[in-house]
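Work through the exercises below with the coordinates open. Try each task before reading its solution.

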Number of protein chains: 2
Amino acid sequence: MSKARLLLVEDDKVLADLLVWHFERDEYDVRWTSDGEEALMLALEQVPDIVILDWMIEGISGLEVCRRLRRGAATANVPIIMLTARGEESDRVRGLETGADDYMTKPFSPRELIARIAAVLRRVRPALAGEVLHYADLEMDVVAHKVRRDGKGVPLGPTEFRLLRHFLEHPGRVFSRERLLDAVWAHDHEIELRTVDVHVRRLRKALNEGDRADLIRTVRSAGYALDADGDF
Amino acid sequence: MSKARLLLVEDDKVLADLLVWHFERDEYDVRWTSDGEEALMLALEQVPDIVILDWMIEGISGLEVCRRLRRGAATANVPIIMLTARGEESDRVRGLETGADDYMTKPFSPRELIARIAAVLRRVRPALAGEVLHYADLEMDVVAHKVRRDGKGVPLGPTEFRLLRHFLEHPGRVFSRERLLDAVWAHDHEIELRTVDVHVRRLRKALNEGDRADLIRTVRSAGYALDADGDF
DNA sequence: CGGCCGCTGTCACAATAGTGTCATCAAAGA
DNA sequence: TCTTTGATGACACTATTGTGACAGCGGCCG
């Protein structure tokens with residue numbers, strides 16, 4: 001998981017160029033289009049980590065693009081920041097209700113947009129924003145590749161690290177073995193489903209060293225989840 | 001988990017009262033303070049679901065409160081919306097960089113703030129934003145695969161879970177055993193009708209643990225339904 | 001170059017948890 | 001009361017997970 005993929009939909013070429021320049025300087029993998037339909041196609045072709053979407057664009061409206069992104073299974077959870085012309089609170093409210101995660105009112109400074117993007121990414125995919133992930137007494141410094149529980153370091157192999165990171169990015173949520181394989185393993189070749197079990201076990205073993213409570217919940221016939229109150 | 005707990009840190013009494021009034025109308029469980037230190041104490045005492053934090057407050061600054069909330073393990077993941085006076089882009093950027101999830105520039109309309117809060121909560125705790133099935137004092141978080149009654153977790157096996165989900169998706173409606181088999185069981189092979197009875201019983205047992213009212217109504221010679229007022 | 005070592009992916013087998021059926025008992029109609 | 005339909009507890013059986021062991025693969029170091 002290296003660069004965050006960003007999709008910019010903006011039909012003011014001058015502004016778009018400026019933003020692209022800033023984004024690339026900040027190590028984003030940027031794709032740009034001025035057209036709503038094309039934006040949807042691009043988003044399906046390769047699901048971005050975040051979409052920056054102008055409210056007024058060629059073709060279908062930004063609002064409609066937003067709505068369709070939300071409707072598609074693959075893109076339903078991609079964060080969207082809308083760019084709106086000054087004014088109309090009601091538009092902004094509608095934007096948020098449609099599912100935009102945030103918006104900026106023009107004119108704005110690229111620096112502020114960048115900060116917003118980082119804030120949104122931090123929420124949605126913390127690992128992309130170079131953050132420390134927390135959960136209960138667990139903390140993971142993604143950049144330094146270190147994990148601590150209750151202050152004490154926990155040694156993890158690469159796979160266990162990625163697995164835990166995935167869990168930390170979506171705490172509480174249950175993932176099937178299939179989903180975990182998709183998310184955590186580089187799927188160059190097929191891997192046995194049960195392999196997940198083994199890695200979960202290794203992760204548990206490392207995490208619960210001593211006699212600490214198990215942080216991973218097994219959900220029978222469904223998968224696993226990171227979950228502190230395993231008791232219910 | 002019923003109401004979302006909201007902590008408001010704002011030293012303009014007039015504004016605070018207005019906001020509290022709006023929040024309570026929207027069914028939030030609100031706590032208010034005008035002081036930064038006290039805010040931290042309140043947050044530790046009972047971790048809120050979201051913090052609305054004025055940038056300029058008595059005692060330590062909003063920025064500092066934000067930073068300290070982020071540092072504490074218990075509060076590290078609580079979303080924060082900052083309220084800033086018009087202007088200073090650099091403040092806003094700093095706020096976002098410090099870990100605020102969003103900010104509003106004064107003056108703003110309560111309605112817009114409410115929309116923002118809902119948007120943030122929807123992302124962070126789906127259960128608080130209605131992405132959870134409810135019925136009476138029952139709630140089912142499908143993603144987390146958890147069921148709670150009256151706040152307390154209820155352990156369910158896979159089949160009971162699917163069965164309850166089906167009922168929750170059509171509350172009040174009566175389903176024949178045949179329909180339930182169709183809807184809840186993967187029909188690879190034929191299953192005895194009466195098996196449904198057994199699972200209903202198991203579901204009831206788990207749900208009514210303690211001495212709580214039965215939520216499943218038996219409709220003689222017709223089937224079962226999820227139904228609070230068992231008789232009438 | 002060889003050998004040691006840490007990681008991985010798979011198995012086979014053990015340990016559980018969850019399922020489907022029955023026989024039997026209780027309750028509700030008629 | 002007699003008949004039907006639902007509730008229950010027990011139980012054999014399955015399905016799903018947990019585990020320990022092991023072989024293959026690179027990387028690293030002497």
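This is a predicted model: local features need pLDDT of at least 70, side-chain atom pairs count only at pLDDT 80 or more; totals for chains, interfaces and linings use all residues.

Residues are numbered from 1 along each chain as its sequence is written, while chains are lettered from A and ligands numbered from 1 in the order in which they are written.

**Exercise 1.** Determine the strand order of the open sheet in chain B and find its edges.

Step 1. Helices (H or I, at least four residues) and strands (E, at least two) are DSSP runs, numbered from the N terminus. Two strands pair if DSSP finds at least two bridges between them.

Step 2. The 5 strands of chain B follow the order β2-β1-β3-β4-β5, with parallel pairing. Each of β2 (29-33) and β5 (102-105) of chain B has a single partner strand, so one side of each lacks a neighbour in the sheet. From one strand to the next, the twist averages 20 degrees.

Step 3. As one pair in detail, β3 (residues 50-54) and β4 (residues 80-84) of chain B are parallel over 4 bridges. B:Leu53 has B:Met82 in β4(B) as its bridge partner.

Step 4. Axes are lines fitted to C-alpha atoms, for helices over the stretch in contact, and angles run from 0 to 180 degrees between N-to-C directions. Residues are in contact if their C-beta atoms, placed from the backbone, lie within 7 Å. Helix α3 (residues 62-71) of chain B lies across β1, β3 and β4 of chain B, at about 155 degrees to β3(B).

**Exercise 2.** At what angle do α6(B) and α8(B) pack, and which residues make the contact?

Step 1. The angle is about 85 degrees and the axes of α6(B) and α8(B) are 10 Å apart. The two helices are therefore roughly perpendicular to each other (65 to 115 degrees).

Step 2. From α6(B) come B:Thr159, B:Glu160, B:Leu163 and B:Leu164; from α8(B) come B:His199, B:Arg202, B:Leu203 and B:Ala206.

Step 3. Count Ala, Val, Leu, Ile, Met, Phe, Trp, Tyr, Cys and Pro as nonpolar, Asp, Glu, Lys and Arg as charged, and the others, Gly among them, as polar. This contact then has 4 nonpolar, 2 polar and 2 charged residues.

**Exercise 3.** Trace the pairing of β7(A) with β6(A) and β8(A).

Step 1. β6 (residues 132-135) of chain A runs antiparallel to β7(A) over 4 bridges, with A:Val132 partnered by A:Asp141. The hairpin has 2 residues between the strands, and A:Ala136 takes a positive phi near 50 degrees.

Step 2. β7(A) is also joined by 4 bridges to β8 (residues 146-149) of chain A, again antiparallel. The hairpin of β7(A) and β8(A) has 4 residues between the strands, with A:His145 at a positive phi near 60 degrees.

Notes: Two residues are in contact if their C-beta atoms, placed from the backbone, lie within 7 Å. Angles under 35 degrees count as roughly parallel, over 145 as roughly antiparallel, 65 to 115 as roughly perpendicular and the rest as oblique.
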